[in-house]
Amino acid sequence: MIAGAMLPDDVKRLLPLTPAVFYVLLSLSSGPKHGYAIMQETNTLSEDSFQMGPATLYSTIQRLVALELIDEISDDSAEASRRRYYELTKTGRLLLETDVSRMSAVAQMAAARLVQKKQGA
């Protein structure tokens, strides 16, 4: 069974993921983070090729929370009391894995096609 087949229809509609959704989910795949850390991780993961401002970040986070792809969690430490932390849900991880699998298949097909074209030239 294909992993994406287990996703709810309202979540399947997100495929293929936009860069903002992809990088938020990917940054949370290594553990909970607050908004600014998600933004910094996005810059690192994309090697600065994708910049996400606060408005895009927080509207994306709101949408992902509403779809139950990420959860807001509490952090009781004094330093973090004003920060909201987020973590990936099982459905969010499944969505990310489904899109990564899709992108991998596309990249493999494209690479094979380019090799064929090169050999035929």
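Which residue just after H4 takes a positive phi? In this predicted model, that residue is Glu68, with a phi of about 60°.

Helix H4 comprises the 13 residues 54-66. Four residues of H4 are listed as buried, namely Leu57, Thr60, Ile61 and Leu64. These residues cover an arc of only 105° around the axis and therefore lie on the same side of H4. The face turned away from this buried side carries Ala55, Gln62 and Ala66, which are exposed.

The strands form an open sheet of three members, ordered E1-E3-E2, with antiparallel pairing. E1 and E2 are the edge strands, each pairing on one side only. Helix H2 packs on this sheet and touches E1, E2 and E3. The direction of H2 makes about 90° with that of E3.

The pairing can be followed residue by residue. Strand E1, residues 33-34, is joined to E3 by two bridges, and the two strands run antiparallel. Lys33 has Tyr86 of E3 as its bridge partner, while His34 is partnered by Tyr85 in E3. On the pairing between E2 and E3, four bridges are found, again with an antiparallel run. Here Ile70 stands opposite Leu88 of E3. As a general point, side chains in a regular strand alternate between the two faces of the sheet.

How many of the ten residues of H2 are buried? Eight of them are, so H2 is largely enclosed by the rest of the structure. The buried residues are Ala20, Val21, Phe22, Tyr23, Val24, Leu25, Ser27 and Leu28.

Definitions and conventions:
Residues numbered from 1 in each chain as written. Predicted model: local features only at pLDDT ≥ 70, side-chain atom pairs only at ≥ 80, totals over all residues. Heavy atoms only, no water. Expected span 1.5 Å × (residues − 1). Buried < 20%, exposed > 50% of the residue type's maximum accessible area, 1.4 Å probe, protein only. Arc of directions from axis to C-beta. Pairing = 2+ DSSP bridges. Contact = heavy atoms within 4.5 Å. Axes fitted to C-alpha atoms, helices over the stretch in contact; angles between N-to-C directions.
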